[in-house]
Amino acid sequence: EMDAVTGVQTCALPICWVDIGPTCVQDTDSAGRTYGDAISYCYAQSARVCDQQDHVVICKESASLGLSYANQQWYWTGDRHWERYESGVTYPAHAVARRYGAGDNGCFDNYTGAGSNMKVSWDYGNKLYPVFCCRDQ
């Protein structure tokens with residue numbers, strides 16, 4: 001249901017979905033999860049791990065959407081996957097994103113030219129990071 005004053009989608013359930021255009025995003029999962037657990041968690045919600053483009057929108061619009069997007073907190077993304085080669089062993093590495101700086105400037109994607117503060121990197125899948133789940137409308 002839509003809040004008449006703020007226009008933000010609300011619900012009585014502990015897990016809410018918020019409309020961000022072509023996608024609905026679930027309130028952030030505050031518990032850290034491994035990458036595999038993040039995928040399973042979102043899949044169980046009939047959703048996917050939000051990608052980098054979703055993260056830019058969630059970060060930039062977090063206050064108006066009633067979402068929390070912490071400064072300098074890494075979040076799993078559903079984007080790129082790499083292999084990291086160390087000491088003769090190949091490890092899978094997964095994309096992570098974070099706001100880097102206050103206000104909107106901390107939210108723009110490095111690759112759009114609109115700003116340079118959202119950081120995108122990688123990490124091993126056994127690390128614990130929060131996740132946003134997204135459903136395409």
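Tutor: One term before we start: two strands pair if DSSP finds at least two bridges between them. Also keep in mind that this is a predicted model.

Student: Okay, how many bridges join S4 to S9, and which way do the two strands run?
Tutor: Pairing takes at least two bridges. S4 and S9 run antiparallel, and the number of bridges joining them is two.

Student: What is the strand order in the open sheet?
Tutor: The sheet has four strands, with antiparallel pairing. S1 (17–19) and S4 are the edge strands, each pairing on one side only. Reading across, the order is S1-S2-S9-S4.

Student: How many disulfides does a search of the whole structure find?
Tutor: A disulfide here means a pair of cysteine sulfur atoms within 2.5 Å. Cys-42 and Cys-133 make one, with sulfur atoms 2.0 Å apart. Cys-50 and Cys-134 are also joined, S to S 1.9 Å. The search of the whole structure gives a total of two.

Student: How many residues apart are Cys-42 and Cys-133?
Tutor: Both of these cysteines are buried. Cys-42 sits in helix H1 (residues 35–44) and Cys-133 in strand S9 (residues 133–136), so to speak distant parts of the chain, and the separation is 91 residues.

Student: What about Cys-50 and Cys-134: how far apart in sequence are the parts they tie together?
Tutor: Cys-50 is buried, and Cys-134 is too. Cys-50 lies in the loop between S4 (48–49) and H2 (52–65), while Cys-134 is in S9. The pair therefore ties together parts whose distance in sequence is 84 residues.

Student: Is the link of Cys-50 and Cys-134 left-handed or right-handed?
Tutor: For contrast, the link of Cys-42 and Cys-133 has -80° about its S-S bond and is left-handed. The link of Cys-50 and Cys-134 has 100° about its S-S bond, and that one is right-handed.

Student: Then there's Cys-24. How far away is the nearest cysteine sulfur?
Tutor: A disulfide needs sulfur atoms within 2.5 Å. Cys-24 is in no disulfide, and its nearest cysteine sulfur belongs to Cys-134, at a distance of 8.8 Å.

Student: Is Cys-24 buried or exposed?
Tutor: The cut-off for buried is under 20% relative accessible area. Cys-24 has 13% relative accessibility, so it counts as buried.

Student: Why are the buried residues of H1 on the same side of it?
Tutor: The buried ones are Tyr-35, Ala-38, Tyr-41 and Cys-42. On the other side of H1, Tyr-43 and Ala-44 are exposed.

Student: Is Ser-46 buried or exposed?
Tutor: Ser-46 is found in the loop between H1 and S4, and its phi is positive, near 55°, in a residue other than glycine. The cut-off for exposed is over 50%. At 61% relative accessibility, Ser-46 counts as exposed.

Student: And what is the phi of Gln-72?
Tutor: Gln-72 is in the loop between H2 and strand S5 (75–86). Its relative accessible area is 43%, so Gln-72 is partly exposed. Although Gln-72 is not a glycine, its phi is positive, at about 60°.

Student: Last one: over which residues is the pLDDT below 50?
Tutor: The chain averages a pLDDT of 76, and 74% of the residues score at least 70. Where pLDDT is low, the predicted coordinates should not be read in detail. The stretch with pLDDT below 50 is residues 112–116.

Notes. Residues numbered from 1 in each chain as written. Predicted model: local features only at pLDDT ≥ 70, side-chain atom pairs only at ≥ 80, totals over all residues. Heavy atoms only, no water. Buried < 20%, exposed > 50% of the residue type's maximum accessible area, 1.4 Å probe, protein only. pLDDT = per-residue confidence, 0-100. Contact = heavy atoms within 4.5 Å.
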